[in-house]
Structures are given as structure tokens and as C-alpha cells.
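Here is a short briefing to read alongside the model. Please keep the sequence and the 3D view open as you go.

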Amino acid sequence: GKRRGGCVGCLRGACAIASLILGALALLTGLWATHLRDRFTPIYQDIVCHAQPSKVERVWFDHGLVGLHVQLSFQTTCDNPNPYNVLVGSTNPWRVYMGSDWIPVGSVVEVPETALPAQSNGTIGADIVVTPTAAVFGSVFKLMGAGEVPIYMESDIDVTVDARFLFARFSTSRTINKACGMSIKMTSFLRAHAGPMFCADTFAELDVPKYDAIDGTRKPGEMRFASERLDQRDLDRAESLRSQSLGIAMGLGYGLGPVMIICGSLFIARRCIAPPEDPDLPASAPPAPAPRGSPKSPPVVAAVVIPGEA
């Protein structure tokens, strides 16, 4: 009996400690879900990219003027204010045009996929090989004569969003079209310089200044991946998923956590306040019942004798 009572007391104490631990974990889960809700509001913020100065890697000939090649390289630094990584890249060829007549002269075959870290920045880079054809001889002669020609690019950029909300996950991808351009100027024989790259949503909005007109007062146009360019239905679905998953976590954390902590604390407090049992005192046991069929003992009658009466 004493051993069974001690085991039951130990089991109750272990349950009380477990209730305190689980309650604290549930409360912390609710607090973390609240932090995530504030962190993922709004669900998407615009990513802004700034083009770095372009560079002409080399100029060479293969077969006369028809074989002229110009290799350009450019880099774009993008700031990601979102609390999750965003993948940016392109698998579609970027069409490249030369001159005011917009004559095709090449393409960017692939832009390597780049991960923009959460609340940080990353760099997107690509190389362009421009190969003028006979249709752009006028632009080539102008370029070789220490002149300058504009280069235009029609870009398709894939933006992939992948966010996790505690126990839920949201992922979507969207292709955003941008119009970009720059000016190229020959500074000496087989040496050329490229001006900064400017970008806009459409070619009608694109304004590429001449190389000599570019100074430090005008900065390259920014490339903005705005939420309006993404699918609004995907953003609404992400907001609904965020509200449901984090709302359930907050309800369970703030609802069960305090209850379990209070129950565990009350049991431990009762155990601490209750007087301890003395192990040296014998445990009192109730009298054993009489066996069935045993004769009842007659009642004991006490006789009182009074002196003087006989």
C-alpha cells in the first residue's frame, strides 16, 4: 500500500512537470506565430534592382566586317526586402537589337539563376555577344568611326517566391518582361566602352541617353519587380494560407499554454504545502470484518453491586 501510494505520487509529479514543459512550449509557439505574422505582413514587397556599369569584354573579327563580334557583360544588384529567399533567372533567350532601326543582332541564351537572400541583396549577371549582320553595316561603320550606337534588349525574367509559414508553405513563379538598353562607343581601334544600362517596363517608356550625355547626375534606371506584376490570385492565396496556419498556431499556443502551466503549477504547489508523512508512524488500518458464518459473541453485561443491599 505504501509503495503503491508512492508510485502514484511520483507519477502525478512527473505529469505536473510535463504539463509545465508542454505549456511553456505551446506558449512559445504562439509567440513565434505572432512574430511570423508580423514578419510576413505584407506577404510580398517590391524587389528593386540597380544596373551596374556595363563592360565591353572584347571586340574581334572573324570574316571581315561581317564577322564583327562585340562581347558585353553586365551585372544588376537587387535588394530583396522580403523575409524569404527569392530566385531570379531566365531560361528564355533575351532578344538583342542594334541601332535606331532595331535590327536583331544576337541574344542572351541564358541568365543563370540567382538566389536573392532574405532581407539582403544579390547580383544577377549575364554576357551578351553581339554579331552585326549586313543589315546593320551603317551602324557598324558609325561605331568604327568613333561614333556610338544604342543596344536594346528585351528581357524575360523569372521570379520565384518560396515562403514557409511555420507548418505551411507557399511557392509561385512569374515571368516579368523588361525593356533595357545601353550605348556603345568606340574609344580606339578594337576598344569600346559601354554606358550604364537603363530599363523600363516597355520600350515606349525606355530612354537611353547618348554615351557623351551620361554624367554622374543621372543614375541608371531601376528595375522593379513590383507586386502588381505578380499574379494577384497567388498573393491572395498566400495571405489566406498565412492567416489560417499562423492563426491556428496562435490559438493553440495562447489557449493551451497558460492552462497547462496553471494546472502543473497548482499541483506542484499543493504538494509543497501538504505536510510530509512520518515514515516511523505505523499506518492505521481499519478493523478486519468478521468472517461469514461465525457466531456472534454475546453482549457483555456489567453487574454493579451496591453495598447494603443483599
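**A threonine and its partners**

The side chains of Thr172 and Asp234 are joined by a polar contact of 2.8 Å (a pair of N or O atoms within 3.5 Å; within protein, one must be able to donate a hydrogen and the other to accept it, and residues adjacent in sequence count only if both atoms are side-chain atoms). This is a predicted model, where local features need pLDDT of at least 70 and side-chain atom pairs count only at pLDDT 80 or more, while totals for chains, interfaces and linings use all residues. Residues are numbered from 1 along each chain as its sequence is written, and side-chain values use heavy atoms, leaving out hydrogens and water.

**Around Thr172**
- Thr172 sits in strand β10 (residues 168–188); strands are DSSP runs of E, at least two residues, and helices are runs of H or I, at least four, numbered from the N terminus.
- Thr172 counts as buried because its relative accessible area is 17% (buried is under 20%, exposed over 50%, partly exposed in between, with a 1.4 Å probe and protein chains only).
- Leaving aside residues up to four places away in sequence, Thr172 touches Val159, Thr160, Val161 and Asp234 (heavy atoms within 4.5 Å).

**Nonpolar cores**
- The largest nonpolar core has 53 residues, and Tyr44, Met153 and Phe225 have the most contacts inside it (a core is a set of buried Ala, Val, Leu, Ile, Met, Phe, Trp, Tyr and Cys residues joined through side-chain atoms within 4.5 Å).
- Strand β9 (residues 148–165) gives this core its largest share, 8 residues.
- Another core, of 7 residues, lies apart from it, with Tyr97, Tyr152, Phe198 and Val208 among them.
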